[in-house]
Amino acid sequence: MREMLKLFLSVVIFSAVAGGLLTALQNSTRERIEYQQLLFVKGPAILQILDGCTNDPLVDRFKLQDGETERSFFIGKFDGKPTTIAFETYGGGFGGDIGVMVAVDVESDKIVGMGVTTHSETPGIGSRAKTDKAFSRQFQGMEIAQTFKVKSDGGQVDAISGATVSSKGVSAALTTASQVYQRLKSEIVKKMQA
């Protein structure tokens, strides 16, 4: 009985030490992992939609709490002034969620650019939501404060041929972005000017 108790205590102590070391390792690498994901997954879309900015939006970023969700915002400075903000939202596509990064000019409340960050859409069909420049460009200059729908649903978005569900997913993500932006605009502007 005594040997079992010693063995049990040894296992408990070993598990506690190992768990503590793994937690410490995770906490010490969290920011680095987040930056790597940012650089290689979201970074290309951010840099594309904020093309021409005079700062590094991957460095000039902040987070805001939006209910249960913590959102990251990326500042774009043009002519030395922080005028544009980029952030990510999601919409349901054919193969799962589609991540959409949208940049908004906070002075005019118009979309500067939009890019797909993540998706599980069908290669060559729905995946064109990420690569089709004409699809992305149609959002430039649109007011952010609206509901986005494809034309077949009575909206203003030209869907990608053969990828209506993916186009609807992008539109849903932009509608969510509209709601987030309107809800957090005053906090966003304060953080940008800080």
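What follows is a chat about the core, strands, ring pairs and salt bridges of a predicted model.

Trainee: What should I know before reading this model?
Mentor: It is predicted, so local features need pLDDT of at least 70 and side-chain atom pairs count only at pLDDT 80 or more, while totals for chains, interfaces and linings use all residues. Residues are numbered from 1 along each chain as its sequence is written, and side-chain values use heavy atoms, with hydrogens and water left out.

Trainee: Which residues touch the most other members of the largest nonpolar core?
Mentor: Phe 73, Ile 85, Phe 139, Val 170 and Ile 188, out of 33 residues. A nonpolar core is a set of buried Ala, Val, Leu, Ile, Met, Phe, Trp, Tyr and Cys residues joined through side-chain atoms within 4.5 Å. Buried means under 20% relative accessible area, exposed over 50%, partly exposed in between (1.4 Å probe, protein chains only).

Trainee: Which elements each supply at least two residues of this core?
Mentor: Strands E1 (61-66), E2 (69-78), E3 (81-92), E4 (97-105) and E5 (110-118), plus helix H4 (164-193). H4 gives the most, with nine residues. Helices (H or I, at least four residues) and strands (E, at least two) are DSSP runs, numbered from the N terminus.

Trainee: And what is Ile 188 in contact with?
Mentor: Leaving aside neighbours within four places in sequence, Ile 188 meets Phe 62, Leu 64, Phe 73, Ile 85, Val 106 and Tyr 181. Contact means heavy atoms within 4.5 Å.

Trainee: Switching to Ser 166. Buried or exposed?
Mentor: Buried, with a relative accessible area of 3%. Ser 166 lies in helix H4. Not counting residues up to four places away in sequence, Ser 166 touches Ile 98, Glu 121 and Gly 126.

Trainee: How many aromatic pairs does the structure hold?
Mentor: Four. Take Phe 73 and Phe 87: their ring centres are 5.3 Å apart and their planes at 45 degrees, so the pair is tilted. Rings of Phe, Tyr and Trp (its six-membered ring) pair if their centres lie within 6.5 Å; planes under 30 degrees apart count as stacked, over 60 as edge-to-face and the rest as tilted.

Trainee: Where do Phe 73 and Phe 87 lie?
Mentor: Phe 73 is in strand E2 and Phe 87 in strand E3, so the pair ties together parts 14 residues apart in sequence. Phe 73 is buried at 0% relative accessibility. Phe 87 is also buried, at 0%. Ring pairs link Phe 62, Phe 73 and Phe 87 into a cluster.

Trainee: Now E4. Why is it called largely enclosed?
Mentor: Eight of its nine residues are buried, so the rest of the structure largely encloses E4. E3 and E4 pair in the antiparallel sense over nine bridges. E4 and E5 also pair antiparallel, over seven bridges. Two strands pair if DSSP finds at least two bridges between them.

Trainee: What sits in the turn between E4 and E5?
Mentor: That hairpin has four residues between its strands, and Asp 109 in the turn has a positive phi of about 60 degrees.

Trainee: Which residue forms a salt bridge with Asp 109?
Mentor: Lys 185, with the closest N and O atoms 2.9 Å apart. Asp 109 is in the loop between E4 and E5 and Lys 185 in helix H4, so the pair ties together parts 76 residues apart in sequence. A salt bridge is a side-chain nitrogen of Lys or Arg within 4 Å of a carboxyl oxygen of Asp or Glu.

Trainee: How many salt bridges does a search of the whole structure find?
Mentor: Seven. Among them, Asp 66 pairs with Arg 71, closest N and O atoms 2.8 Å apart. Both Asp 66 and Arg 71 are buried.
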